[in-house]
Amino acid sequence: MERSLETQVSQAVDAWLRWLPRWEPSTHRGRVAPCRRCLGSPILSAAGLGADAPHAVQHGLSTRIKAIVDRAVADYTARNLPLLQTELDQQAARNRARTYRPAEGLEPEFEGLPLDPEPAPGAPFLFTLAGLAEQADASAPALPPLTDEAKAALRQEVGLADDYANMVGREVCAILLHHRLRIQGEIARYVEPQIEALLDELTRSLDAPFDPRDFDGPRP
């Protein structure tokens with residue numbers, strides 16, 4: 001498993017580094033709510049991406065690495081946790097029955113992000129993608145009920161899956177430590193210059209808020 005994880009992490013970092021030159025600073029209004037996937041992520045800490053890195057840069061890497069952990073847990077579940085696997089299969093079948101699934105098939109840079117922008121005060125949306133997805137979810141058939149014994153057994157298997165996920169996560173973070181130098185090098189090459197240019201532009205706009213051509217000096 002260790003060699004396989006090393007290969008997967010290396011490939012994920014390579015894919016993220018190929019995307020990184022396409023990153024540009026966002027010009028739209030940011031969201032108020034923090035990203036639960038990236039905030040305080042040990043994956044990002046291991047990769048050397050601190051809180052000063054732009055969220056879009058963080059998110060693309062954390063999503064790719066999380067997919068590695070998810071695949072490992074899915075394989076472990078399929079081999080060792082039959083009750084949980086049955087529940088997941090039923091949930092997957094229910095999801096496939098939904099007529100609208102806007103959160104599926106997204107690129108890693110967008111996966112897990114809110115489907116809709118923050119509404120402007122006093123200007124509510126006529127509809128939202130999240131709202132349409134909720135309507136489609138409500139129309140899907142409900143999962144079969146579980147007995148109390150089945151619920152207890154399922155909770156135990158969920159706990160085992162969580163323990164395995166934590167173990168794989170620690171291994172992945174240890175592997176990421178070996179990629180920190182090249183990650184930080186590419187951040188310095190592609191990201192930091194754009195941030196510095198943005199800050200320089202902001203500084204110039206604050207130092208000279210008026211166009212000199214529009215201001216001819218004091219009027220009598």
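**Cysteines and aromatic pairing**

With a disulfide taken as a pair of cysteine sulfur atoms within 2.5 Å, the count comes to zero disulfides. The model is a predicted one. A search of the whole structure also finds one aromatic pair, formed by Tyr76 and Tyr164. The points below take the cysteines and then the tyrosines.

**Cysteines**

- The closest cysteine sulfur to that of Cys35 belongs to Cys38 and lies 3.8 Å away, which is too far for a bond.
- Because the cut-off is 2.5 Å, the separation of 3.8 Å leaves Cys38 in no disulfide, with Cys35 holding the nearest cysteine sulfur.
- Cys35 is buried, its relative accessible area being 15%.
- Cys38 is likewise buried, with a relative accessible area of 6%.

**Aromatic pair**

- The rings of Tyr76 and Tyr164 are stacked, with a centre-to-centre distance of 4.1 Å and an angle of 5 degrees between the planes.
- The geometry counts as stacked because planes under 30 degrees apart fall in that class, and the planes of Tyr76 and Tyr164 are 5 degrees apart.
- Tyr76 lies in helix H3, which spans residues 55–80, whereas Tyr164 lies in helix H6, which spans residues 148–176.
- The two tyrosines are 88 residues apart, and their pairing links distant parts of the chain.

Definitions and conventions: Residues numbered from 1 in each chain as written. Predicted model: local features only at pLDDT ≥ 70, side-chain atom pairs only at ≥ 80, totals over all residues. Heavy atoms only, no water. Buried < 20%, exposed > 50% of the residue type's maximum accessible area, 1.4 Å probe, protein only. Phe/Tyr/Trp six-rings, centres within 6.5 Å; stacked < 30°, edge-to-face > 60°. Helix = DSSP H or I, 4+ residues; strand = E, 2+ residues; numbered from the N terminus.
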